[in-house]
Each structure stands twice: as C-alpha cells, then as structure tokens.
Amino acid sequence: MRRALARARGGKTLSVEEVTALLAARGEALEDLLSIAAASRDRGHGRTVTYSRKVFIPLSMLCRDHCHYCTFAKPPARVVEPFLTPEEVVTIAEAGRRRQCKEALFTLGDKPEERYPAAREWLEARGFSSTLEYLRAVAIRVIEETGLLPHLNPGVMSWEDMARLKHVSASMGLMLESSSERLTRKGGVHFGSPDKAPAIRLRTIEDAGRLSIPFTTGILVGIGETLRERAESLLAIRGLHRLYRHVQEVIIQNFRAKPGTAMRDSPEPQQEEFLAAVATARVVFGPSMNVQAPPNLSDDGYPRLLDAGINDWGGVSPVTPDHVNPEAPWPPLQDLERRTAERGLRLRERLTIYPEYALRPDPWLAGKMQEPVRLLAAEDGLAVQGRSPEPIPWQDPEVLWKPRTTALTFAKGNGALREDAVDVYGDFDAISVTRAWDVRPSIAPRRLEGQIRGALSKASAARPLSDEDALALFQAEGEALEALCGVADDLRRQAVGDEVTYVVNRNINFTNVCYTGCRFCAFAQREIDTESYTLSLEEVADRASEAWEYGATEVCIQGGLHPSLPGDFYFKILDAIRGRTPGMHIHAFSPMEVLNGASRLGISFREFLVEARHRGLGSIPGTAAEILDDEVRWVLTKGKLPADTWEEIVTTAHSLGLRSSSTIMYGHVDAPPHWVAHIRRLARIQEETGGFTEFVPLPFVYRNSPIYLAGKARAGATLEENRRMHAVARILLDGRIPNVQVSWVKMGMEYCKAILRGGANDFGGTLMEETISRMAGAEWGIRKEPEDFEEVIREIGRVPAERTTLYGRVSRRQRSAASPPVAR
C-alpha cells in the first residue's frame, strides 16, 4: 500500500497490483489516497466542477439482456408500447428545452427486436428494420425540433452502427461495467446477458475510438467483482483511451440493490470502498480525464465524492427522473451548486460533449453536428449559460442539383405512415428514397448552349474551368455532347498520343465475407451464407502463379472485410505471392482494407503501408472512393471510411512511393455537383502528390445491388452520361492525371469504343476473373485476351500497347526473361 501511494503521489504509472492495492485503501491510507486524487483533479481542472443539464429519454425499456441488478429493462407485458413515439420523444425534449436543458440522453435496452416480436413488429410497421435505425431518426427529430444535443446510449454497437449514429449525436456511451469474464458465467451477475460479454463491450469502446467519437464509459462497483477485476477494468479503459484519446469521461457508479431483482439482497459497497474506487480512478486516469460519480446514488453524503477527485456530477435533469434509478432522485440544481461551493469548488454547466472535444470539432464531431454544438458552446467549450436551445433546420436550403429525398414519416395522431418531404440527411436505409437524378438546373436552353460553348473554348485553350462550366458540360446533349467528346479527345491526343493501353493481369478477390454493409454491393456475403468463400494463402499463391505462367505482369488483390481474418493476413498474402512469383507486380488493398488492417493491428496507416511495401506491395487500388462526399457515402454504406480518411490513406501511400489508381462510382444516388467536387478533389491530391496513375470512372452496376432492388437508387448511368463523365474528367484532369480508363466489365466493348473516342486512353486489365461487378449483375464477362483488346483498338484507328501497372511498356521478350515462378 505504501509503495502504491508513493507512486501515485509521484504521478508514476501503476501496475495492476498497485491499482488493486489502492482500491483496498481504508482509514488513514484512504485519506492519503483522497488527498492525492483531489490534488490531481485540481491540476487538471482547477476548481471547476461540471454537470450537464439534460432530459432522460427512455426510448425503449425492452432489452434482450437480463442483468441481475436492473429494473430499467421490462418485458413487453409491463410497458404500454415497445418504444416511445417520435411525438413523445419530442415532447420530452421540448419540455427540457423550455427549462434550458441542452442534452437529450437516449437510454434504451440492447436490441430488443432480437428478443421480442412485439418490438420487431412495432419497428417494421413504421418502416424501420432495427432499433438503431429508429434511434437515428428520432435523434434527428430532436435536433430539428428542439436543438438539444443527443447523447446516445443504445448498448453494444458495431463500427457501422456508430459510424452512422455519429452523424446525429454529439457523443455516445457504453458502460464497460466490468472486464471480468467470470461475471458472465452461471451464477454471475451478467449470466444470460450476451451484450455484457467484456470482449464485446470493449470492442464497441475501441470502435468508437477508431471512429473518433467522444465516448462515455465506466465501471459499476460492487456487482460481485474482485478488487483485482475492478483494477483490470479501469486499466482496460485506460488502455483504449491511450490508443484513441476518445474517452471523454469515466463514470464510477456504485451498485444499489433494488427490490424485485436477483440482487435485491446483495450488499452495497460501503462509503469507504466506493470512495477508494473513485479516487483510484482519478489516479489511474490522471489529471486531465473527466471523472464522474452520480450524486443521486450516494444519498446526502454525495459531496464527499468531491474529496475523492471527481470533476463532474454527470447529467442532472430538472424535468425527468433517472429512469435507471427511479428510486434515487437527483438533487435540486441549487442544492448541487451550494454543496459544491461548500467544498471551495465552482459548479459550471457543460454540454454532453466535453470542452476538449467541442473546441476541436474535427475529427470528433460529424459535419452536421458541428453547428448544433457551436450554437450552445461558450468560448471555453462549456455550455452557454442561461440560454435555451433553438430548433435547428437539418435540411439545407435547396440548391441546384442538391440530392433530395422522400421518406416515410409519422402522421400526427394515429401513428400511420405517410409520404412527406424529408431532409437530405434522412435515414436512407429503411425510410427514404433518393431522387437526386430527377433534379435539373433551371437554365434556359440558349443560355446553357452558351455556357457549354464557353467551357469548351476554355478547355481547348488549356484554360481552367469553373465549377459552373463543368456542370454545364455535364448537361451537354446532341451536338454539344459530340463537341465535348471531340475536345476531350484532342486533349487525350496531346497528353498520351494515339496509344490505347492495357495490362495483362488477374483479379484475385480472396474473400467475399464482409459485414461492412455497403448497400450498393452484391459481392459481400455473411460467413454463414452458402455462397461465401475465403481463399487460403496457398490458393492465392496458386492463382498468382497461374497468372504469371499465362503472361500476367500484375495481380490485383482485394477482398471483403472478413471479421475473423487478422490484420496481418494482408501481409501474409503478400508473402505468399512474393514467395511464389517474385517478379509479379502486386497491386493490392483498397484504402478501406488498409484502414481495416491497420485498425486490427493497432498501428497507423503509415506503419501498415510501410510494412506492406516491405513485403512486396507495389501499388494500391484507389477503390472504396465511391463518391468523396460523406453525405452520399453514408447513404450508400453503413460503414465505409469517410472521404477524409480515404484521402489520408491514399496520400500516405503516395508519400511512401506507393502509387495508386483513382476512381469514382457514379449513377446511383449522386448528382453532377458531387462528380465535379470528386474530380476536383482528385486533381488537388494529384497536384500535391503526383501519385495517381490513372482515373477510372466506374458506372454503378445496379441489377443485383441491394440499394437498387430496394427502389432507392436509379438504374445506373446512361451511355450519354458515361461519355460525359469520361470526357469531362479528361478536361478537368488535363495536365494532372494523364490516363483515363474505361471499364469493359461494366460497359462492354462496344460502349468502350465510343468512350475511347471521347477522351479515354486505357482499357484496364485482362482480369482473368472478376467477381465484384459480376455479382452486381455486370454482363460483359470476366476475362479478355490481349488479342481482344488489340482488335477493338485497331477498329477505332488507334495503336494498342501492353503496359505495366505503372504505365511502362511491356516487351514480351523482357517479360519472358523475368523471374520465373518458384516451384513448390
């Protein structure tokens, strides 16, 4: 104990044994610990203690778990309805707004629809497939109609869940409670509660860090854990916070025995035990962490918690009860302020997001949430005093080409569904239908014709085009379209001559198991699906060897984000290919796969790419770009990496000498302004890094795509749009990215001939096999021979040329002299 106290006083890092010793402090040792903790708090936070003025919104009291101490969760027979309606939610929030509350705390049971048919049926009747989809929709309603900031506590969430919910919340939370696996076994407090498995909860906390979500977590003291298990729980949280710096507060909450629960007769932690836990948490997490303990669970002696080093009282509501602990009302705010002042401390109101995150909104706040937070934050990041939130229009003013949606929303009064004009940001998965392609600028034909002529004149003279010029070109039709393609083809000839290049390569999609949730993708399968597959390392190497023997110079390696494959599996793939075909160029791993591998290994993108390059990676595909606009991305996918993260990974690769392709996937829920902004972004990156080898427009293949089958995306791009895309790209990227590629897999050879006459100069690869487009419904085959390309290229009067991945030229004589495959 003396050693642990001495090290704590000196600010030294403590071992689990030393933390355990501090948790056992009583008597004089406890007083020493309290003084150390209070001094640490004062170093980090001065004499300020905070609280959040909130309303508690119990969205659903149904839960699939059965915790032995909980009275919040109830079976369907004991609730009036499975969920609060949107009107009820807004009514609670509005009552809080009138009392100057700024936080809307959403608390609900874990995934009740997976246990109770009543919950599932309630959601389905209103157009929602899950509780979290509904939570997202009502969070938007609260922001729109009251301006309160949602803090979401819906239980265990996946990376994809949190990626979506981040855009409608200022913060999220999940109590770890305990990292003890023992408590989940028979006889333990968490037996029968699948969501209380420590590994699952720790993964949610970690995923929140990966997504840069300001996160609340903590432990529950006195539920049967040993002192060492309590110490291990604190250290587990600290370990994740050190990796991601995202834990904005740690709650130390004491167990209270409740009538009607399995633990009704269990002893509650005594005051000294709980104070030791609070003070130890302060010592473990250091001066800067926000340490919270709820005042309503410590009866009248709650000011003693200040002596233990807390700097926050948590959420306190002047409107709603604590639905988790309804027997323990919060102290009146004036009493809380008075009793805090008696300890020489000043009480200040904060937001649900703490100042250190509110004042640095990037990357902690999604773009849509930055303005709602800014409106309620004072200069120091705490809450503006004496101000009620105001409703915030969630839908931007309509502008030309702005994607618009129609969604099913609640009719007032009877809960029926009706179609209504909804915000652009809406819950696309279950309730909205994007109609961006129906929006057209209202420009007089004669004026548009003049704009197109002017834009083409600028392009011909190598003068820069404005965004308005580019948007005008995306409307070119008839003779204007032919003129556009002619100008683009002239620029192509000046840039790369009359050669049309191709690469002899093989695609190897090593697994189709993926849970990312991209709604445009028909390739991904669950692990239990009959069509799922995962190639062994030997099978990957076999395919690379076959490609080499055929004459390929490149293998393109991509796959789903298989949840069971470790992060170093990517490196093992490189080792397997390099070991079998040392002369093969390996073009592998999209930015999403780089993120996945780096996240799983706990290393940076740079470290991952450095190691991959060392193992033989030659370049990376610039896929996973789709549209580099996060509003569109979150409609298309539940969990794809944000546009900024895509850019960060690509530019990191370029800085390491790993070049990449660049892509766009278009023709789904997007519109020309997105296309222009996307291409402009690629041009800017190219100016900064010079790392892109080519630009590859990828028309959306719709036939088997879930988002199309659900009626929420259009049937891909037209031939005219494909011609415009390639031609405008050639113009906007002129002098930057020299090569524009056509996708014969997605458009067919005849379409490609037309596009090659309008600015494109590359046919891509022979592929040998192609799974992703084929699964989505592409009908143009999975393999081409070099002779197929050369015949088509000569038909349009151009010169065929085989290239390498990096656009060098291939001599068959040089190729045959290269390193042969290694015999097994």
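# A walk through the model

Start by selecting Arg304, which counts as partly exposed at 23% relative accessibility. What you have open is a predicted model, so treat this as a tour of a prediction.

**Stop 1: Arg304 and its partner**

Now colour the helices they sit in: Glu31 belongs to helix 3 (residues 27–45), while Arg304 belongs to helix 11 (residues 304–307). The pair links distant parts of the chain, 273 residues apart. Is Glu31 buried, exposed or partly exposed? Its relative accessibility is 39%, so Glu31 counts as partly exposed.

**Stop 2: helix 1 beside helix 3**

The crossing of helix 1 and helix 3 is left-handed.

Which residues meet here? Show side chains for Leu5, Ala8 and Arg9 in helix 1, then for Ala29, Asp32, Leu33 and Ile36 in helix 3. Those are the residues through which the two helices meet.

**Stop 3**

Next, select Glu327 and Lys258. They form a salt bridge too, with 3.7 Å between the closest N and O atoms. Glu327 lies in the loop between strand 8 (312–316) and helix 12 (333–341), and Lys258 in the loop between strand 6 (247–254) and helix 10 (271–285), so the pair ties together parts that are 69 residues apart in sequence.

Glu327 is partly exposed, with a relative accessible area of 45%. Lys258 has 7% relative accessibility, so it counts as buried, the cut-off for buried being under 20%.

**Stop 4**

Jump to helix 19 (residues 479–496) and pick out Arg493 and Asp490. Both lie in this helix, three residues apart, which is about one turn of the helix. Their side chains meet in a salt bridge of 3.1 Å, N to O. Arg493 is partly exposed at 39% relative accessibility, and Asp490 is partly exposed as well, with a relative accessible area of 38%.

Now widen the selection to Asp489, Arg492 and Asp498. Together with Asp490 and Arg493, they are joined into one network by salt bridges that share partners. How many salt bridges does a search of the whole structure find? The search finds 57.

**Stop 5**

Zoom in on strand 14 and strand 15 (residues 554–558), which pair in the parallel sense over five bridges. To find one of these contacts, select Asn505: its bridge partner in strand 15 is Glu554.

**Stop 3: inside strand 15**

Stay on strand 15 and show every side chain. Five of its five residues are buried, so the strand is largely enclosed by the rest of the structure. Which residues cover each face? On one side you will find Glu554, Cys556 and Gln558, and on the other Val555 and Ile557, all buried.

Moving across the sheet, strand 15 and strand 16 (residues 585–588) pair in the parallel sense over four bridges. Select Ile557 and look across: Ala588 in strand 16 stands opposite.

**Last stop: zoom out**

You are looking at 32 helices and 21 strands. The protein chain has 824 residues, of which 61% count as buried. Among its contacts with a separation of 6 or more, 77% come from residues 24 or more positions apart.

Methods:
Residues numbered from 1 in each chain as written. Predicted model: local features only at pLDDT ≥ 70, side-chain atom pairs only at ≥ 80, totals over all residues. Heavy atoms only, no water. Pairing = 2+ DSSP bridges. Salt bridge = Lys/Arg side-chain N within 4 Å of Asp/Glu carboxyl O. Buried < 20%, exposed > 50% of the residue type's maximum accessible area, 1.4 Å probe, protein only. Left-handed = near helix turned anticlockwise from the far one by under 90°. Contact = heavy atoms within 4.5 Å.
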